[in-house]
Amino acid sequence: MRFSVPGPRSLAGQLFAMQAVLIAVVVAGYALFTYVSDRSQAEEAARRQARAVARSVADSPSVVAATRTPDPTAELQPYALKVMRDTEVDFITIMDPRGIRWTHPDPDQIGQPFQGHTEKALRDPAFTETYTGTLGPSVRAVTPIQDGPRTVGLVSAGIRVEEISQHVQNQLTALLGVAAGALALGAVGTYVINARLRRHTHGMNAAQLSRMHDYHQAALHAVREGLLMLDGQYCVALINDGGRELLGVAGDVVGRSVAELGLPASLTGALLASEPRVDEVHLTASRVLVINTSPVSGGERRGTVVTLRDVTELQSLMGELDSERGFTQALRSQAHEAANRLHTVVSLIELGRAEEAVEFATAELELAQALTDQVVAAVSEPVLAALLLGKTAQANERGVELMVSEDSSLDDGLLPESLPSRDLVTILGNLIDNAVDAAQGGVRARVTVAAYTQDTQDPEDPVALDDAPELVLRVSDTGPGVDPEHAEAVFQRGFSTKPAGPGGRGLGLALVRQAVQRHEGTLSVSEADGGGAQFEVRLPLRESGAVAEGVTSGTSVSRGAGGNA
């Protein structure tokens with residue numbers, strides 16, 4: 001026969017058992033205390049009653065008179081029995097000074113010696129004792145009968161201990177009944193409370209809860225993704241290390257409202273939203289985050305679980321991939337055009353017109369070289385020069401002429417290490433993509449780019465020059481321009497005047513502003529001279545200090561995710 005070993009009780013079950021035992025011990029202790037106390041009080045009451053009855057009988061004139069007669073029993077026995085019935089004592093014994101009984105509830109005991117102590121009664125009229133006589137153990141009082149100065153007899157009145165015990169037992173039975181009711185009521189209340197506790201703890205015991213807490217803490221700090229839990233009042237209930245890093249918050253934020261964390265307005269609005277959010281892209285000062293929110297409900301709204309993923313590098317790779325895709329398309333188009341020109345040269349040679357073939361080929365080569373020379377002469381910084389050449393080919397493919405202004409001048413090696421080329425590609429690439437989107441489809445569609453450095457001046461002293469110059473990037477287009485009412489909204493994530501494409505819109509200019517703010521620069525939009533919009537970026541050229549270490553990894557751009565026109 002196999003016996004199954006019971007597993008550990010749940011926390012609710014342990015609490016129920018502990019409370020039931022506690023209630024039982026308290027009730028049993030109270031019952032014992034009450035029993036001892038009531039018995040003591042009952043014995044004391046029996047002594048007082050026996051003393052009072054004995055004293056009353058001893059002071060009765062008829063009793064004193066009966067002691068003078070030749071046969072005191074004839075008069076005292078009926079009297080004693082009557083007083084016993086009236087006073088509810090178990091016996092009244094009247095005896096002579098030697099202790100020989102004149103009366104007794106059992107007539108056969110009359111004339112026999114009294115079983116008890118009479119010597120002390122002669123010295124102490126208030127003497128009482130507990131003694132086992134012919135009727136069993138009893139609490140008795142013995143009092144002398146005085147006839148003037150002489151003691152002519154003794155009176156003993158007593159109550160059996162059995163009667164006292166029965167009285168106490170009746171009280172104890174009632175007490176136990178009340179205690180049982182209290183125990184049952186307490187057990188029912190404890191069961192109801194613990195049933196609710198079992199629902200909240202899912203029936204787990206203390207060891208399981210402790211183990212779950214350990215796993216919870218380990219998992220919370222192990223995951224690299226950010227995890228944020230908000231209560232029903234949108235205050236932070238829990239945040240892991242990844243969440244602190246991604247949101248850029250420090251210190252004790254548990255218990256603080258989301259609105260007090262200093263997050264960007266769009267991100268704060270997403271965290272405060274009551275409906276779930278799925279894979280929403282939001283920008284902080286230095287990161288591109290994807291957030292997912294899910295409400296916690298159990299019959300009522302209890303809070304929100306938020307997960308955060310850092311896609312800054314992923315967005316950078318996507319932007320670079322999209323740029324490479326654009327370059328590939330431009331090269332494919334150029335290869336197609338080159339093949340057409342080559343066929344033209346070959347056909348001219350076959351027709352015997354070699355001189356015209358040489359002139360045609362030379363003109364095409366000079367045109368391509370002139371474009372390269374123009375860009376490189378204006379911007380010799382290699383990364384920006386390559387970006388401008390690639391964007392020029394892409395713009396031409398879309399029917400937009402991209403020009404580098406004559407005042408552009410940016411020498412190689414001028415940019416400090418605090419301003420990485422990746423951030424410049426993010427800024428200038430998104431602005432050009434946005435301008436091409438705006439100008440495409442217009443008459444004489446054109447985008448003009450200017451890049452140069454400029455010394456800053458003190459407004460109070462225009463003559464004095466500041467030591468730190470600044471980089472100016474200006475991109476203008478011939479598109480419809482930007483409504484002055486939207487001058488600030490165009491830099492917000494998600495804003496766009498065009499329908500979203502496969503990659504979405506409304507992110508490019510937001511990334512530009514993020515990169516500009518990271519380098520403490522300025523970004524503005526105004527109307528271009530020939531119509532359209534003009535975006536201008538000014539970045540201070542510092543060797544160190546302003547840009548935090550590790551935050552300079554900006555995000556490259558993609559037209560699919562960037563256009564804000």
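Is Arg 68 buried or exposed, and at what relative accessibility? Arg 68 counts as exposed, because its relative accessibility is 56% and the cut-off for exposed is over 50%. Keep in mind that this is a predicted model.

Now, salt bridges. Side chains of opposite charge can pair when their charged atoms come close. In this model the count comes to 14 salt bridges.

Start with Arg 68. Its partner is Asp 147, and the closest N and O atoms lie 3.1 Å apart. This pair links distant parts of the chain. Arg 68 sits in the loop between α2 (61-66) and α3 (72-87). Asp 147 belongs to strand β3, residues 136-147.

Asp 147 has another partner. It forms a salt bridge with Arg 150, with the closest N and O atoms 3.7 Å apart.

Next pair: Glu 280 and Arg 277. Here the closest N and O atoms are 3.0 Å apart. Arg 277 is buried, since its relative accessible area is 17%.

Last item, a network. Which residues are linked in it by salt bridges? Glu 470, Arg 474, Glu 536 and Arg 538.

Notes:
Residues numbered from 1 in each chain as written. Predicted model: local features only at pLDDT ≥ 70, side-chain atom pairs only at ≥ 80, totals over all residues. Heavy atoms only, no water. Salt bridge = Lys/Arg side-chain N within 4 Å of Asp/Glu carboxyl O. Helix = DSSP H or I, 4+ residues; strand = E, 2+ residues; numbered from the N terminus. Buried < 20%, exposed > 50% of the residue type's maximum accessible area, 1.4 Å probe, protein only.
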